[in-house]
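Take a moment with the model before the questions start.

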Amino acid sequence: MIRASAPNPIRRLFCITVLLASAASASTASAAATPTAATEATGVLRLASSHSVEDTVARIKQSVDAKGIRYFFAIDQQQLGASANLPIRKSTLVLFGNPPLGVQFIQANPYAGLDWPVRMLVRETADGKVEIAYTDFAFIAQRYGITGKDAQLKMASEVAATVAGEAAQ
């Protein structure tokens, strides 16, 4: 025999709470899977260059070579965009580093390999100027919890600032 019962308000509230929680979890999971652009770039240092993108990249390579630092390569991001039919302003990512110095950061935290070797972005801004941007080593140390490497971080910061400064002048 089936018996009719009055709706239980506590049970109804419980069911609604479970449904809402499930919906919130699903939307959070899908939002987490889709990266979003940052409105500002935390930990990024920028320096205006008085040269073209191409000349600034060449000057970075020249500065790096003169210091005996390993120059890995440069990636022409504008060219990559053009090959995908996605136009962007001139933008070149330059990678270089000193393995005996940089690998110490990776030893301290293997995830520091996401930021090493050193990367400098040479880009044309919306107003047609050129800038060099790179990640501040103090930010990298904080990001990866690198401690006990103050002298190495100071040296890396000074070298990066010198390379950027020489390329920009």
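A crossing is left-handed if the near helix is turned anticlockwise from the far one by less than a right angle, and right-handed if clockwise. This is a predicted model, where local features need pLDDT of at least 70, side-chain atom pairs count only at pLDDT 80 or more, and totals for chains, interfaces and linings use all residues. Residues are numbered from 1 along each chain as its sequence is written, and side-chain values use heavy atoms, with hydrogens and water left out.

Q: Is the crossing of H4 and H6 left-handed or right-handed?
A: Helices here are DSSP runs (H or I, at least four residues; strands are E, at least two), numbered from the N terminus. H4 and H6 pack at about 130°, their axes 10 Å apart; axes are lines fitted to C-alpha atoms, for helices over the stretch in contact, and angles run from 0 to 180 degrees between N-to-C directions. Their crossing is left-handed.

Q: Which residues of H6 make the contact with H4?
A: Contact means heavy atoms within 4.5 Å. From H4 come Leu101, Gln104 and Phe105. H6 answers with Gln152, Leu153, Met155 and Ala156.

Q: In which handedness does H2 pass H6?
A: H2 (residues 53–66) and H6 (residues 150–168) pack at about 135°, with axes 8 Å apart. Thr56, Arg59, Ile60, Ser63 and Val64 of H2 meet Val163, Glu166 and Ala167 of H6. The crossing is right-handed.
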